[in-house]
Amino acid sequence: MRTHTCGDLRASDLGKEVCLQGWVRFSRDHGGVAFIDLADRYGMTQVVFDPEDVSANDAAALSETMSSFSRESVVMVRGTVRRRVEGTEDARNPTGEVEVLIRQAELLNKSGIPPMEVGDQKEGVLPGEDVRMRYRYIDLRRSEMIRAMEFRSKFMHLARQYLESKDFLEIETPILGRSTPEGARDFIVPSRIHPGTFYALTQSPQLYKQMLMVAGMDRYYQVARCFRDEDSRKDRQPEFTQLDMEMSFVDMQDIQDTIEGLVAYVWKGLYGEELKTPFMRVPYEVAMEKYGSDKPDMRYGLELHTLTDVVKDAPYKIFQNVIASGGIITGINIKKDLAGDSIGRNEVDRYIEYVKKIGMGGLTWMRAKDGTLESNIVKYFTPEIIASLKQEMGAEDGDLLFLLAGPRKATLEGAGTLRRKLAEDLGLVPQGVHQFLWLVDCPMFDVDPVSGKRDSFHHPFVLPDENYEGGACFDLCLDGNELGSGSLRIHKAEVQREVFRMLGMSEEKMEADFGFFLEALSLGAPPHGGIALGIDRFVAILLEKDSIRDTIAFPKNKVGISLLDGSPAKVDDEKLEELQIMSMAFDDADFEDLE
C-alpha cells in the first residue's frame, strides 16, 4: 500500500513519485501552505500541500480532504520528493533534507483528540505513568518506546542466533502446570473439566527443563513467560520473560563460558564492540563484607570495612551489646575528594533518619580532623582504637566515617543500601559504563538466625556439596542488579529427597508435590545444569530505564493492574458456576478503588 516508510527518503530520492502512509504527528499552516509531519515506526517525513502546485479543482479537493487530517489520524499521501527550502533542513532527522509535495491525499482513519502527546517529549513533560499505561497503544507510538521495542527485539534475535549456533534446541514448556512450592505464590487456574482441581501458571520452566535433560535433549533454551503472584516493583512484574536454558554433562565453568559467549555476541551485535571476557568472579562472602550486597555494584568505591575486632574493647555500650549478641560493626569512609568534607551536620542527620527508615537502629558518624577523629562518641575510644580505626578505614583529614552496628546479615545489607544511596547522592554512579560479574561460592541455604529454619538460597534443586552447606550455584550481575541465577542441578533422587528433608518437607509432601519429578530423576537423569536471564531487567539496564515497565509492551502498573483492559476484573457468575466456584460479593465500587 506504500512505496516507502516515513523513515526512508533521502536526497538520493529527489524527483521520485512516492506513496507514504502513517500518522499525522504535527501540522501547521503557513499562509495557505500546509506542512505535516507524517510518522510511523521507522521515522518522520515532512509532507507539504501547496495550492499553487496543483490545479484549482485538485487544490479544492485536496484542501477539503486535508481539513479532516486531525492529529494522530491515519492518512495516505502521494506526491513528489523534493529538496527542502534552504535553511529549513532538519539535521536531527534522517529525512530532514527532503519533503514530499502532495498531489493526492486520503484520510484512512480519523483520530479523536489524543489523550496524551505523542511527539518526542522533553524531560518532565510526559504524562503520569498511569495515563501512559491506560493508553499504552498511544504511548508505544513515541519514538523512545519504539526504539526500546526494537532494541529488545534485536537483543532476542541475537541471543537466539548464538544459542542455535551452539546446538541448543528451542523447546516450549507448559504454562499450565502443577502448583509446587518454589518460593513465590502461584497464580491458580481452575479446571472446568475436573471440578475442584487447579492448574498453576508456571513460576519458571525449572522442573520441565530438568526433565528435558532426563529426556536426552542435551541443550535446551526457551524465551519463557513466567508468572509469580508478587507485589509489583520497578524491576518486578507478575508476568515476565526470561531466557531459560539447560545443558547436560556440564560443570559450572561450562555454563558460565556459554553465557559469557552469548552476552559478548549480543553485545557485539548491539553496539559493534567487543565485550571483555571472562567476567570478574566475586565470592558471596566478599560481596557481602565489602559491598553489603549479593549483587554488588563495583563501578565506584565506598567499600565497607568490618570493624568488629577494631572496636571490641571500646566501652561504648551500643557496640558492646551488639558484639555480645553476635552482631557486627561495619563502616563506610566518604573520602574528602568525594565530598566527605562538605556533608554538613544537617545532611548527616538526614542519613541517620534514612537508615532508620530502612530498618537499621541508627548510624554513628565520625569526621577525620587534625590527625584524629571527632564526634560525640570519640570519648569512648582510646587513642589506640582511634588509630586502628583510621588505619582500617584509610581515614585522612576531611574524610567522613559512617558506622553501623547490628545483626550480621541485616547490618551488611543495610550498609549496602546506604552505600548505594550515597553513590547516587554524590553522583558516583557512572553513566554509560557497565560491569558484569559472577557471584560465586554461594551457600546452599539461608538460615533464619532465630528459628534456625532453612530456606533455599536459590531454589531446592541446586546440587549441594558433600556437607550440604555450599551449593553449586552462581548469579550473573550487572551494575548492581542480578540478571539471572544458575547452578548445577541435583540429578539423583536420593540427594533431592535429602534436600527436601533439610527444608522441612515431609515424605508425604514430597510425594504429593514432587513425586513425578523424583521418579524422573530415578530413571537415568544425567548430570546437568543451567541458568535463566531476566530479559526485561537486562534490556532496562542497557537502555538506562528506571523501570522494566518501559521495556515491556503491555505491562501492569505499580499495583499489578492493567489499566489498558481493566484487569483483574470480575467474571460473570455463569462462568464461575461452570467452574463450580462460589461467586464473591464484590461490587463495582471495590474495583473502582483498585484503579
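**View 1. Glu-260 sits in helix 6, residues 252-271.** Helices here (H or I, at least four residues) and strands (E, at least two) are DSSP runs, numbered from the N terminus. This is a predicted model, where local features need pLDDT of at least 70 and side-chain atom pairs count only at pLDDT 80 or more, while totals for chains, interfaces and linings use all residues. Residues are numbered from 1 along each chain as its sequence is written, and side-chain values use heavy atoms, leaving out hydrogens and water. With a relative accessible area of 5%, Glu-260 is buried (under 20%; exposed is over 50% and partly exposed in between, with a 1.4 Å probe and protein chains only). Setting aside residues up to four places away in sequence, Glu-260 touches Thr-277, Pro-278, Phe-279, Arg-281 and Trp-438 (contact means heavy atoms within 4.5 Å).

**View 2. Helix 5 (residues 206-214) meets helix 14, their axes coming within 10 Å and crossing at roughly 25°.** Axes are lines fitted to C-alpha atoms, for helices over the stretch in contact, with angles from 0 to 180 degrees between N-to-C directions. The two helices are therefore roughly parallel (angles under 35 degrees; over 145 is roughly antiparallel, 65 to 115 roughly perpendicular and the rest oblique). Helix 5 brings Leu-207, Gln-210, Met-211 and Val-214 to the contact, and helix 14 brings Phe-514, Phe-516, Phe-517 and Ala-520.

**View 3. Helix 13 (residues 493-502) has Ala-493, Val-495, Gln-496, Val-499, Phe-500 and Met-502 buried.** Its buried residues pack against strand 19 (445-447), strand 20 (454-456) and helix 14 (507-521). After helix 13 comes Gly-504, with a positive phi near 90°.
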